[in-house]
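Take a look at the structure below. Keep the sequence at hand as you read.

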Amino acid sequence: MDLLEISKNNSKKNVPLYVKVLSLFSVVRGYNILLIVAAQYLASLFIFSPEKSLRHVLLDIDLYFIVLATMCVIASGYIINNFYDSEADKINKPIKSKIDNIVSQKIKLRMYFLLNFLGVCFGFLVSWRAALFFSVYIFLIWFYSHKLKKYPLTGLFSAAILAILPFFAVFVYYKNFSEIIFTHAAFLFFILLIRELIKDLEKIKGDFTQNYQTIPVKYGEKFAKILITFLSVLTLNPIYFLLKYPEIGGMKYYFYGTVVILSCFVGLLWFAKNKQNYALLHLLIKFLIVAGVCSLALIDYSVIINRLVV
């Protein structure tokens, strides 16, 4: 019996434990969390502390606690977002919604408070500043889920900012304030803005039903497409400057590929008319993000093998 059959037939009391765990994994989007963890460690290795060995970075206990805290607060953020979006998700994501609802809202809220508590505690193990950072982040995620996401511009920008903030936890930890990092952050910010707009187009029906004033709902699909096209053009600006830095090494091929993919993306965008079309475009942007994380290891070919043996 698969998860969908269980979600139809269960009373939530007789559900096997492993099914509840899988349901919670779906709620907290564990695959996204694993990607963020990989991004934090790869960024630590190849951007923030390129002079340090693999062993030194992986055995850095403070970095370990920062990553754990990040995992906890992001997971709790997905839980509270799921809580507020439960009705809209029944329309936008009916299959995922059924799987997510295998676990009761009561259990989800308990997990939400537990994960927030653990996140702040892990932060305290690093410093009171880290604990304060994660406490503020927890509040901002709740405020976004409760209020900000219902409004066009605040919802768009706050979602992108919250997605990029976990990287700033590592950024501040290493106190690496180089120009290339800010340029890379600008590139990622534009990509995340595009992703949020595509998500809004993909779930426009549910957002309209719940009166979420997203940009596609308030200004229409055509305006959202114009804005996405504009952001795609703006993305070329940080790419241009990043390609001028020899420090990016083999990652330059990722940026060349990004230009090609974004060009195809914009072309397909103007032919997109339904949820399935937007879902495909969303998948394309996800691929860009995942490929970007993996390509961090290409920044310096010479150190990859060395770090495996040092």
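This is a predicted model: local features need pLDDT of at least 70, side-chain atom pairs count only at pLDDT 80 or more; totals for chains, interfaces and linings use all residues.

Start with helix α10, residues 152-174. How far apart should the ends of its 23 residues be? At 1.5 Å a residue, the helix should span 33 Å. The end C-alpha atoms are 34 Å apart, so the two values agree. Now follow α10 to P166. A kink of about 35° is centred there.

Next, find helix α15 (residues 252-269) and helix α16 (residues 275-295). Their axes come within 11 Å. They cross at roughly 175°. Angles over 145 degrees count as roughly antiparallel, and α15 and α16 are therefore roughly antiparallel to each other. Which residues of α15 and α16 make the contact? From α15 come Y254, T258, I261, L262, F265, L268 and L269. From α16 come Y278, L281, L284, I285, F287, L288, A291, G292 and S295. Sort the residues of this contact by type, and you get 13 nonpolar, three polar and no charged.

Along with F187, Y254 forms an aromatic pair. The ring centres are 6.2 Å apart, with 90° between the planes. That makes the pair edge-to-face. Where do the two residues sit in the chain? F187 is in helix α11 (residues 179-202), and Y254 is in helix α15.

Technical notes:
Residues are numbered from 1 along each chain as its sequence is written. Side-chain values use heavy atoms; hydrogens and water are left out. Axes are lines fitted to C-alpha atoms, for helices over the stretch in contact, and angles run from 0 to 180 degrees between N-to-C directions. Helices (H or I, at least four residues) and strands (E, at least two) are DSSP runs, numbered from the N terminus. Angles under 35 degrees count as roughly parallel, over 145 as roughly antiparallel, 65 to 115 as roughly perpendicular and the rest as oblique. Contact means heavy atoms within 4.5 Å. Ala, Val, Leu, Ile, Met, Phe, Trp, Tyr, Cys and Pro count as nonpolar, Asp, Glu, Lys and Arg as charged, and the others, Gly among them, as polar. The expected span of a helix is 1.5 Å times one less than its number of residues. The bend at a residue is the angle between axes fitted to the seven residues ending there and the seven starting there. Rings of Phe, Tyr and Trp (its six-membered ring) pair if their centres lie within 6.5 Å; planes under 30 degrees apart count as stacked, over 60 as edge-to-face and the rest as tilted.
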